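Subject: Structure for you to look at

Hi,

Here is the structure I promised to pass on. Please open it and keep it beside this email as you read.

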Amino acid sequence: MKCLRLLRIPRGYAPMRRCYSAAAASKTKLATLPAGSELAGKSNLTPRIHDKLRILQTKYVDLNRRMSGDVSKLGREELARLSKDLSETGLLVTPYSQLLQHYSELVELHQMIDSKDKSLQEMAREEKIGTLEAIADCEREIISNLLPRDTTEKANAILELRAGTGGSEASLFCGELLQMYQKFCLLRGWKFNKLSINEEGDKVKEAVIEVSGRNVFGVLMFESGTHRVQRVPATENQGRVHTSTVTVAVLPEAADVHVEIKESDLRIECCRASGAGGQHVNTTDSAVRITHIPTGVFVENQQERSQIQNKEKAMKVLRARLYDMERQRVDRERRASRNKLIGTGDRSEKIRTYNFAQNRVTDHRINFSLYDIEGILNGTSSMQQIIDQLRMQHDLDELANLD
């Protein structure tokens, strides 16, 4: 199934045909959409965004002019910067120019539909469907390129599934979701590595998976939350529908914890060693005490006769202690993040419902439903369609903040 999100033209905005600069825009005869157009009041691009894009059109023309002229006088760094700016600006200007062209085409199609020629009307109605789809595609591309992406979206992911309320039925559904994600990942060419799993036959109480590949977290990040299933269990004799839940948490796989110790953050003190040790004890300042000022952690070492050797050993211990502190902090943040993502696993906290009787999967965050449970549980394009809708809504929310 294909879900087409219709878009709106911002109030007071009239699309133009082949307009590539602000100067040209002012000289171009603007077309207005007919009353009752499908796009009226539904655009995801606000007037301010349109203004920004039209400024980029002017910049793009200027960059093209500079790059097509004499570049022999430009330095290597300046040439690289201009080339990068041209490429990045083109990612927005190209689909925006196409979008304006489709707006004008839609105006012409409405004029044809309002004509008295029946054959012309029918042809225009058929072409209008494709034009609306092209407009939707252009807006999606613009929004995707307009928003800065979090670098963590490129990371691998840790996928955690746990059976929630519902007893054995929840464990069965947890196993089905595990298979769904495995099929989805394999279809995308990702690696699916089971780190730990608590299972009994088809029942899975808990599973922790490492998923590695391209942009894994950016795709799976919307799966976090409580997934609810409504169906008649195989063990139910009276045909009653049971409701069970599975909690899913998707976390970006962190790189190795890195601890940087600045020389300015250390206070190094030398003193004479004490205790049994022969003639070198109390005769040389070989003992070392290193304090990490920001954390207050300190280490002492006097095992070796050499001050340099004692300092090296003390630094090794200090680095290990600071590493452990940082690792524990990261672990606490991950646990807090996971708890925030999945909630308590209560039925009322669901993000998505799988209703087998109606062959329906509904994502409650965007009120979007598909009637293809089998396809979704097989990890096919139907599952990707839900993720695409969630991504679109996420980008629109981010776009509102950007605007």
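Below is what was found in it, from the whole chain down to single side chains.

**Overall**
Keep in mind that this is a predicted model. The protein has 9 helices and 11 strands. Of its 403 residues, 40% count as buried. It exposes about 22700 Å², and carbon and sulfur atoms supply 49% of that. Take the contacts between residues at least 6 apart in sequence: 64% of them join residues at least 24 apart.

**The sheet**
Look for an open sheet of 8 strands. Their order is β2-β3-β1-β5-β4-β9-β10-β11, and the pairing is mixed. β2 (191-200) and β11 (368-370) stand at the edges. Each has a single partner strand, so one side of each has no neighbour in the sheet. On average, neighbouring strands here are turned by 15 degrees against each other, direction ignored.

β2 pairs with β3 (residues 203-212) in the antiparallel sense, over 9 bridges.

Helix α5 (residues 168-187) lies across β1, β2, β3, β4, β5 and β9. It runs at about 20 degrees to β3.

**A hairpin**
β7 (residues 287-292) and β8 pair in the antiparallel sense over 5 bridges. Thr-291 stands opposite Phe-298 in β8. The hairpin has 4 residues between the strands, and Gly-296 takes a positive phi near 80 degrees.

Which residues of β8 lie on its covered face? They are Val-297, Val-299 and Asn-301, while Phe-298 and Glu-300 lie on the uncovered one. In a regular strand, side chains alternate between the two faces of the sheet.

**Salt bridges**
The count comes to 15.

- Glu-78 and Arg-66 meet at 3.5 Å, N to O. Glu-78 is in helix α3 and Arg-66 in helix α2, 12 residues apart. Glu-78 is partly exposed, at 25% relative accessibility, and so is Arg-66, at 33%.
- Arg-231 and Glu-176 have their closest N and O atoms 2.6 Å apart. This pair links strand β4 to helix α5, 55 residues apart. Arg-231 counts as buried at 12%, whereas Glu-176 is partly exposed at 24%; the cut-off for buried is under 20%.
- Arg-352 and Asp-363 meet at 3.1 Å, N to O. Arg-352 is in strand β9 and Asp-363 in strand β10, 11 residues apart. Arg-352 is buried at 2%, and Asp-363 is buried at 0%.

Best wishes

How values were computed: Residues are numbered from 1 along each chain as its sequence is written. This is a predicted model: local features need pLDDT of at least 70, side-chain atom pairs count only at pLDDT 80 or more; totals for chains, interfaces and linings use all residues. Side-chain values use heavy atoms; hydrogens and water are left out. Helices (H or I, at least four residues) and strands (E, at least two) are DSSP runs, numbered from the N terminus. Buried means under 20% relative accessible area, exposed over 50%, partly exposed in between (1.4 Å probe, protein chains only). Contact means heavy atoms within 4.5 Å. Accessible areas come from the Shrake-Rupley method with a 1.4 Å probe; for residues, only the protein chains shown count as cover. Two strands pair if DSSP finds at least two bridges between them. Axes are lines fitted to C-alpha atoms, for helices over the stretch in contact, and angles run from 0 to 180 degrees between N-to-C directions. A salt bridge is a side-chain nitrogen of Lys or Arg within 4 Å of a carboxyl oxygen of Asp or Glu.
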